[in-house]
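Here's a quick tour of a chain, heading by heading. Keep the 3D view open while you read.

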Amino acid sequence: MMPKKAKPAGTGKEEGPVPCKQLKVGAAGGPSTLNFDSPSSFFESLISPIKAETFFKEFWEQKPLLIQRDDPALATYYQSLFKLSDLKSLCSRGMYYGRDVNVCRCVNGKKKVLNKDGKAHFLQLRKDFDQKRATIQFHQPQRFKDELWRIQEKLECYFGSLVGSNVYITPAGSQGLPPHFDDVEVFILQLEGEKHWRLYHPTVPLAREYSVEAEGRIGRPAHEFTLKPGDLLYFPRGTIHQADTPPGLAHSTHLTISTYQNSSWGDLLLDTISGLVFDAAKEDVEFRAGIPRQLLLQVETTGEAVRRLSGFLRTLADHLEGTNKLLSSDMKKDFVMNRLPPYHVGDGAALSTPGGQLPRLDSIVRLQFKDHIVLTVMPDRGGSDETQEKMVYIYHSLKNRRHTHMMGNEETEAHGLRFPLSHVDALKQIWNNSAISVKDLKLSTDEEKENLALSLWTECLVQVV
């Protein structure tokens, strides 16, 4: 069910397209500024007046949501996030076609790329924009715009998933991209001018890949509307969409914020099952028994092989049921390696230099930057396959480089610590308590307790209170 002010969704049988499910919010009905006090308060303010509980129950991964706002202060704030005029100063810092900027236009339902080679110069971008009616797409502006860093860092904490963004600047009477769908959850913030949107029913719900769709295949729009500065649009991955700037108006600038790529249950299952098999094979001789001779040479899998594999999967499910152990997860590591560092003003010394009192046995310590740390258990990467012992790994993003965020071709490294598996309960204590005495940690000796606290403090992960 929609909130009372919202209009019902189209069924695909109407005479023409219908408006998207929407709320119209007056200046008194929504916030003029976003609330950065916590990840949850930030998201609530971003989608206000919709409550987060309602959003995830009725819209997330299900259907689009349009929030149209009449709030001049919020529109001004949105405009400050990125403007056409920002391109001039950004180009002076050394932007490159393909990596940082794309220039394109939708012609007869197809994307025409107008990129040059090498560095992007503002005068050439402006010429293509004015004369060829081309859209300028700027990749991952959070690398350079502080307020977008601040926004996306909060969203990465909230979702526990990478959050990327692109800016699209489109001249009047033009369209940048053909109808397509994405493999990410999408939030659109309209920054400058107006953008006319058409959304269509998915052909692949919750799609796992990007795809262009032919006009003749997608039918009539399910939703059609125009975004103005301060408006917000959400739609799930797989939603087919296209957008153009109406003729006779100023150019349009909108920000696409995207998340939840490769974050499905299927991805988590693929990520954790290898660890489950590793554990089961150490404990259960059946998992170590050899497969039948010549099984790999057969064209079709035999019924007996299918029966045995099904049995092993049921055994793995039994191992998983009711466990409270930390599961091995490369997804955790990949997320924390590639996400934004905590937002900060200045040189960020607090993220790299321990401060305050040195922890001792009688100290009380508290975890800091908790949203930027993951705890996982993995086989020791340094040992041989025969001697691999499980270790507790702590990875964090305090030393991540903002300017490589979401740039997949850039090298990244993992930052953190590792401890023997015997330390896992003590680490859980630190994670699950707002503050804890070092001497109360569940470790065998006082020396181990103090060394654990000191290691975390040296990495700026705990502070003495």
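## A cis proline in a loop

Pro49 sits in the loop between helix H1 (39-46) and helix H2 (52-58); helices here are DSSP runs of H or I with at least four residues, strands are runs of E with at least two, and both are numbered from the N terminus. The peptide bond from Ser48 to Pro49 is cis, with omega near 10 degrees.

A word on the ground rules: residues are numbered from 1 along each chain as its sequence is written, and side-chain values use heavy atoms, with hydrogens and water left out. This is a predicted model, where local features need pLDDT of at least 70, side-chain atom pairs count only at pLDDT 80 or more, and totals for chains, interfaces and linings use all residues.

## The whole chain

The chain holds 13 helices and 21 strands, and its C-alpha trace spans about 75 × 65 × 50 Å along the principal axes. Of its 465 residues, 49% count as buried, meaning under 20% relative accessible area, with exposed being over 50% and partly exposed in between (1.4 Å probe, protein chains only). Among contacts (heavy atoms within 4.5 Å) with a separation of 6 or more, 78% come from residues 24 or more positions apart.

## Ser174

Have a look at Ser174, in strand S7 (residues 174-175). Ser174 counts as buried because its relative accessibility is 3%. Leaving out residues up to four places away in sequence, Ser174 touches Arg105, Arg133, Asp244 and Thr245. Val107 is 67 residues from Ser174 in sequence, yet their C-alpha atoms are 9.5 Å apart in space.

How many of the seven residues of strand S18 (residues 390-396) are buried? Seven of the seven are, so S18 is largely enclosed by the rest of the structure. Lys390, Val392, Ile394 and His396 point one way, while Met391, Tyr393 and Tyr395 point the other. In a regular strand, side chains alternate between the two faces of the sheet.

S18 pairs (at least two DSSP bridges between two strands) with strand S17 (residues 373-379) in the antiparallel sense over seven bridges. Met378 stands opposite Met391 there. S18 also pairs with strand S19 (residues 415-420), again antiparallel, over six bridges, and Tyr393 has Arg418 of S19 as its bridge partner.

## An open three-stranded sheet

Another sheet is open and antiparallel, with three strands in the order S20-S16-S21. Strand S20 (436-437) and strand S21 (462-464) are at the edges with a single partner strand each, so one side of each has no neighbour in the sheet. Strand S16 (residues 364-367) and S20 pair over two bridges, and Val365 has Ile436 of S20 as its bridge partner.

## Two positive phi values

Phe369, in the loop between S16 and S17, has phi near 55 degrees, a positive value in a residue other than glycine. Phe369 is partly exposed at 26% relative accessibility. Met406 lies in the loop between S18 and S19 and has phi near 65 degrees, also positive in a residue other than glycine. Met406 is partly exposed, with a relative accessible area of 30%.

Some definitions: on a 1 Å grid over the protein atoms alone, a cavity is a set of points where a 1.4 Å probe fits but cannot get out, a pocket is an open set with protein on both sides within 12 Å along at least five of seven lines, and lining residues have an atom within 4 Å of a point. Grid points are joined across faces, edges and corners, and a volume is the space filled by probe spheres set on the points.

The second largest pocket holds about 460 Å³. Of its 20 lining residues, the closest to its centre are Asp279, Thr323, Lys325, Leu326 and Lys390. Helix H8 (265-283) is among the helices that supply at least two residues, and H8 gives the most, with seven. This pocket lies between domain 2 (266-323) and domain 3 (329-464), because both give residues to its lining.

How values were computed
Domain bounds come from an automatic or database domain assignment.
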